[in-house]
Structures are given as C-alpha cells and as structure tokens.
Amino acid sequence: MQRPYETPQGELGVPFEPGRQRGCPGGMLTEGLVSMRKAAISSGVVGLILLVGSALLAWWVTPSYIARMPSDYNKTRTFDATIHTLFNPAALQAGNLAGAIKTGVPATISENVKVQQTSGNTALIQDTRNISVSGSTVGQTVTPYAVDRQTLEATSSHPDGWSVTPATGLTVSWPLGAKQQNYTGWVYQTNTTTPLKYVKQAQQGGINTYAYQATVPPTPIKNPQLLANLPKSLPVSLLPALKAAGLISPTNLGSLSQLFSGASQIPLGYTYQANNTYYVAPDTGLVVNLSNNETEMAGIALPNGKIIPVMPVLSYSYHATPASLSAAVNDANSGSSMITLFGVTLPIVAGSVGFVLVVLGAFLWTRGGSRGRPTGITPPQRQPTPAGGVS
C-alpha cells in the first residue's frame, strides 16, 4: 500500500518524472528542441543578410561602383567624313583665292576619351579630336574636363590640382541610364551650351538607341585652339575678289569700305553652327553612332562685335565607321550586361533566397516552440484499496 507522500511508480516500477513522456526520454527531446532553434536562428540570420545584401547591391553598390565611368576608361572612335569646304589660310594670304578653298574632300575624324585621374565620383578626362585629310591633320583639339562619373556632366567640384576647361552640361557622353528627355550639352567650339532634344528611338548596329538632336545657330568661336591656326585679319585688297566670287555682297562691301576706310587689313571673326544627331545606348549612355553636319564660318568682325559671314573655313559631315559602330555596340552590350547582373539579377536571386530562409527560420522557430511543450502525458491515477485507502 502506497502512502500519499510516496513517489508513484510507473508500470515497470520506474519512478514517474514530470516533463518526461512515456517512450521519449527527456534528453532526446531537449536536444531536438535546441537543434531546431539553432537551425531557425541560422536560417533567419543568413536570410536577413541576403535581403540586406540584395538591397545594398541594387541601390548602393551598383549605382556607386558599377554604373559609372571606369577609372581605366580609354576609348577611341573613328568617323567617316566628307569635307564640303576646307580653307587654306596661307593661300588666302598670298591672294590665291581659288587655291584657298577645297571642296568635296574625304576625311577621317577620330575622338579619344581617356580618364586620366579619379577622385571619388569625379573623373578627370581628356577629350582629343582630330580631323585628317590624306593622312595629314587639318584640325585638332585637346580638352580636359572634370565630370561626374555617373551623370557625365561637367563639374566644378574637383581637386585643386586638376587643370580643366570650365564647362556646363554633357561633354563627351550621356549619363548611364539615359532617359527619353532633353539634356544640356557643351559646345567646345564656342564655350557655350545647347539643348540636346530627345527625338525618337532608333535601331543602330542591331541595338535600340535614343536619338537626340542638337541645333547650334551661328555662334562666335571662342576655343583658342581652333582660333590659333586661323588668320586674324584679311587684306583689303582681297575684297574685290571676294565680291567677284560671290562671297560678299555689294552692300556689305560698301559698308566695309566706310567702316575700315584707309585700313590695309580688316579684322576677321569666326562662327560655328551645327545640326547634329546622336544615337545613344540608354543603359550605358554611350554614343554608338551620330550624323553630324558642322560649319565654321569666317567673317568680317565689326567693332560692335557682330560678324558678317564671308566664307566657310571648314564645313563637313560625318558618321561612325562600320568598325567603330561595331565596337561601340559591343561596349554598350557589355556594359549593359554588367549593370543588369549586379543591379537586377543578383539582387533578385539574393533577395528571393533570403526571403525563403527568413520564412523557413520563422517556421522552424514556431515548430520548435510547439515541440517544447509536454503533450500526451498521462498523470498517475490513484487506485482505491479494499481498506478504503489510496494505493
């Protein structure tokens, strides 16, 4: 007969212990619970890391370090050109008006854009442009700019030691992620800006591009490199020849005779005008092709600053060579794939896996909590004895 204060016995005489189930030892239950909780924590932590990493990759790493001008950027593009008018200053000074102007000359134009230094998100680039006829250079400019590596716009925020040309707007390319909107472009010939108007979408070299148009009205040339090789004045003795050639009207000739009476030389000024179309790969902002028509015009510089146009000193049209177009398309595709990989694909994969792991961790934690609660335990039953006691 069992006393009320004695420990009840199990079926096999094993003392009953609270929290222990029949056929499931308490040590195994505790170890399983701890293991499940650890798995839940690990899954949740890894999932959160992947979610945070995917967000950083998409909205910080890619825009800040992938989708911007590389520090080793160095590209050369070549263009097939036709020079409609080419002016020879030496022949003009010698009085050889017929030999001073050449027309219908095939030419090659090249442009090299090279990053020389970087400072954070700012790059010092050098833009070198050459015009050559039959292997001889007839025009060259070398212009350094400080640009934002993402927007590609000229910036005044750069190290003090950099020697740059002050500029505004886009100088050598469109921003990465170009949009169907108007931009402002820098005109290096005149040191002024011009609207870059979005026109349409167009296929170039097998890829989709955005077409932008720039129309520059006759504007005085201010670039010292362009002015350096052009004559500063015109002998008065050449005015009748210019009138005979139809380059100057009788009315303007009479006005010049009055304005510069008694002078042996008439000051010259120069203007630039253009009607250009640029085809831009939107993801990278690269100009893959263009169709440009540009004219540099010589004229009589009046005392009030006005320039009376007389003759074109350089008039030409040009577009990318097939090889240059192919290279530009390859660069655009490569850059677009890199941006998509780091900015879209990897963040989606990492975010998806991270979400699944967080959900799995929550499930395991909940499952472990339910397993930790004792279930199915039958409390000991007190049996009455013949003597009326409890056994």
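Trainee: What does Val288 touch, not counting residues up to four places away in sequence?
Mentor: Val288 touches Gln204, Ile207, Thr209, Tyr279, Ala281, Ala320, Leu325, Ala328, Val329 and Ala332. Contact means heavy atoms within 4.5 Å. This is a predicted model, where local features need pLDDT of at least 70 and side-chain atom pairs count only at pLDDT 80 or more, while totals for chains, interfaces and linings use all residues. Residues are numbered from 1 along each chain as its sequence is written, and side-chain values use heavy atoms, leaving out hydrogens and water.

Trainee: What makes a nonpolar core?
Mentor: Buried Ala, Val, Leu, Ile, Met, Phe, Trp, Tyr and Cys residues, joined through side-chain atoms within 4.5 Å. The largest has 49 residues. Ile83, Ile125, Trp174 and Val288 have the most contacts inside it. Apart from it lies another core, of 28 residues, including Ala100 and Ile300.

Trainee: Why is Ser134 called exposed?
Mentor: Its relative accessibility is 75%. Exposed means over 50%, buried under 20%, partly exposed in between (1.4 Å probe, protein chains only). So Ser134 counts as exposed. Ser134 sits in the loop between E4 and E5.

Trainee: Why is Asn191 called partly exposed?
Mentor: Asn191 has 36% relative accessibility, so it counts as partly exposed. Asn191 also has a positive phi of about 55°, although it is not a glycine.

Trainee: How do you know that E1 and E2 pair?
Mentor: Strands are DSSP runs (E, at least two residues), numbered from the N terminus. Two strands pair if DSSP finds at least two bridges between them. E1 and E2 have two bridges, in the antiparallel sense, so they pair. Phe87 has Ile101 in E2 as its bridge partner.

Conventions: Helix = DSSP H or I, 4+ residues; strand = E, 2+ residues; numbered from the N terminus.
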